[in-house]
Amino acid sequence: MADVKGMIAKRAAQELKGPLIVNLGIGIPTLIPDYLNDTEVYLHTENGMLGVGPYDESNVDPNITNSGKAFVTEEIGASYFDSAESFAMIRGGHVDVAVLGILQIDEHGQIANWAVPGKDIIGVGGAMDLLEGAKKVICTMMHTTKTGGIKLVKKCSYPITSTRKVDMLITNLAVFKFEEGEMRLVELMPGATIEEVERKTEATFVNCIGKENREEA
Amino acid sequence: MNKVKQSAKEALARVKTGEVILVGGFGLVGSPLTLIEELTKADIEELTIVSNNIGESGKGLGKLLLQGKIKKAIGSYFTSNRDVGAAYAEGKLELELVPQGTLAERLRAGGAGIPAFYTATSCGTDLGRGKEVRQIDGKEYVLERQLRGNVALIRAYKADTLGNLIYYKTARNFNPVMAQAADYVVAEVDEIVEPGELKPDEIVTPHLYVDAIVKAEIILTKEGVEHIHG
């Protein structure tokens, strides 16, 4: 499982080409720093730091953590600020990309990632603010639940995080883009087949593999 | 003017049952652990606590929760302490879940004399339900009201005896905005110095926001929460 999540994180890291201000959410996105080697990708964390460095076992300071409360380090050029300023950066459109872990996504690109009906998950954190303010939102998740349940749905059954539609979804099976009102399959992950993606996806998508003209290309 | 108190007990003597208390920190990082410990000893209850989280199970504000002294919690992320969900399910605790950026801005507004503001955050979601919606330049926003406390308990790194404060790394988080948004503000710090020893340029919270200063006796280390002496 860890390897599969690492594969998703690695693919997400490829989308992050500096210079860029990036906020990484809890879950799979926390694995992304392991795959980043662009020195012009500056990581922002909503608890009040720009210039987040990777965990270093030999250099742990209990008062330098990221939004997932994991120990991190300070990059050269890092800065600290209070929560109101941190969210002014987010809401004010100063963060280029947010990479989020999510629970469900619909075919229009609306996501759910903060509550599960009937479960004691009482937390929203900065997810709603990031969805409103980040210029680009990339979502990461396992394609199905642990029991094989569908997560790419026609309409989210979990409460949505925002009415804003995200830009991209990376799962362990495929990469999708939300463009021109369509959910477009643009890439299969290693080992995945189109049949498997179709079987495990309820949302309507357009297969654009091979025929997309990707901006980054 | 010297705002240094000899003990947390002395600093919190005026805190009363039923008050709204702002408590700094993101999890236990930047949380005023010495002042919270004093709240657990004081004969006060029915508190409304405004804090990003309610500590961890049995730690920080989590300890106060287990004592049943918290009537209502206002914050953004309670998942990190499972006792919160349990107390809520049993009807022993009221909760108000607020998006983290909205929580910070409501406090900022509270300290800045702004009664309410519009934000797109939570608009069209379950957390936006019942809020006034207004369209501005073609986009929808919800109205959010300011948030203030009777008391703020905050954690800083150094204070001078006047009450000027500087912070340490990500232990800053909600502390500066909470210092601005309460009638009575107590700062718990690692070090207390004479006025003039902090450079005017480096001061983050100027002394007019701060009423009392206490030296930290319970701190966060790599190993967890530890008591220190002297």
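How many residues of chain B are in contact with chain A, and how many of chain A with chain B? The points below take this up and then go through the predicted model by chain and element.

1. **The interface.** On the chain B side, 41 residues are in contact with chain A, and they meet 33 residues of chain A. The elements of chain B that give two or more residues to this side are helix 4 (82-89), strand 4 (94-97), helix 5 (100-112), helix 6 (175-179) and strand 14 (218-221). Helix 5 of chain B supplies the largest share, 6 residues. By residue type, the side of chain B that touches chain A divides into 21 nonpolar, 14 polar and 6 charged.

2. **Chain A overall.** Chain A holds 4 helices and 13 strands. Its radius of gyration is 17 Å, close to the 17 Å that the globule rule gives for 217 residues, so chain A is as compact as a globular protein of that length. Along the principal axes, the C-alpha atoms of chain A fill a box of roughly 45 × 40 × 35 Å. Of its 217 residues, 47% count as buried. When contacts in chain A between residues at least 6 apart in sequence are taken, 60% of them join residues at least 24 apart.

3. **Helix 2 of chain A.** Which residues of helix 2 (residues 83-91) of chain A are buried? They are Ser83(A), Ala84(A), Ser86(A), Phe87(A), Ile90(A) and Arg91(A). Down the axis of helix 2 of chain A, these buried residues fall within an arc of 160 degrees, and so they line one face of the helix. Their packing partners lie in both chains: strand 1 and helix 3 (127-133) of chain A, together with helix 5, strand 5 and helix 6 of chain B. After helix 2 of chain A comes Gly93(A), which has a positive phi near 80 degrees.

4. **Gly25(A).** This residue sits in the loop between strand 1 (20-24) and strand 2 (41-45) of chain A. Is Gly25(A) buried or exposed? A residue counts as buried if 20 or more other C-beta atoms lie within 10 Å of its own. Gly25(A) has 26 C-beta neighbours inside 10 Å and therefore counts as buried. Apart from neighbours within four places in sequence, Gly25(A) is in contact with Ala98(A), Val99(A), Leu100(A) and Gly101(A). Thr163(A) is 138 residues from Gly25(A) in sequence, and the C-alpha atoms of the two are 18 Å apart.

5. **The 5-7-6 sheet of chain B.** Three strands of chain B form an open sheet in the order 5-7-6, with antiparallel pairing. Its edge strands, strand 5 (116-119) and strand 6 (133-136) of chain B, each pair on one side only. On average, neighbouring strands of this sheet are turned by 40 degrees against each other, direction ignored. Strand 6 and strand 7 (residues 139-145) of chain B run antiparallel and are joined by 4 bridges. Val133(B) stands opposite Val142(B) in strand 7 of chain B. Helix 5 of chain B lies across strand 5 and strand 7 of chain B, and runs at about 150 degrees to strand 5 of chain B.

6. **Strand 11 of chain B.** Strand 11 (residues 182-189) of chain B is mostly covered, with 6 of its 8 residues buried. Strand 8 (residues 149-155) of chain B pairs with strand 11 of chain B in the parallel sense over 6 bridges. Here Leu153(B) stands opposite Val186(B). Strand 11 of chain B also pairs with strand 13 (residues 212-215) of chain B, in the parallel sense over 4 bridges. In that pairing, Glu188(B) has Val214(B) as its bridge partner.

7. **The 10-9-12 sheet of chain B.** This open sheet of 3 strands has the order 10-9-12 and mixed pairing. Strand 10 (165-166) and strand 12 (191-193) of chain B are the edge strands, each pairing on one side only. Strand 9 (residues 158-160) and strand 10 of chain B pair in the antiparallel sense over 2 bridges. Ala159(B) stands opposite Leu165(B) in strand 10 of chain B.

Terms used:
Residues numbered from 1 in each chain as written. Chains lettered and ligands numbered in written order. Predicted model: local features only at pLDDT ≥ 70, side-chain atom pairs only at ≥ 80, totals over all residues. Contact = placed C-beta atoms within 7 Å. Nonpolar A, V, L, I, M, F, W, Y, C, P; charged D, E, K, R; others polar. Pairing = 2+ DSSP bridges. Rg over C-alpha atoms; globule rule 2.2 N^0.38 Å. Buried ≥ 20, exposed ≤ 12 C-beta atoms within 10 Å, placed from the backbone. Axes fitted to C-alpha atoms, helices over the stretch in contact; angles between N-to-C directions. Arc of directions from axis to C-beta.
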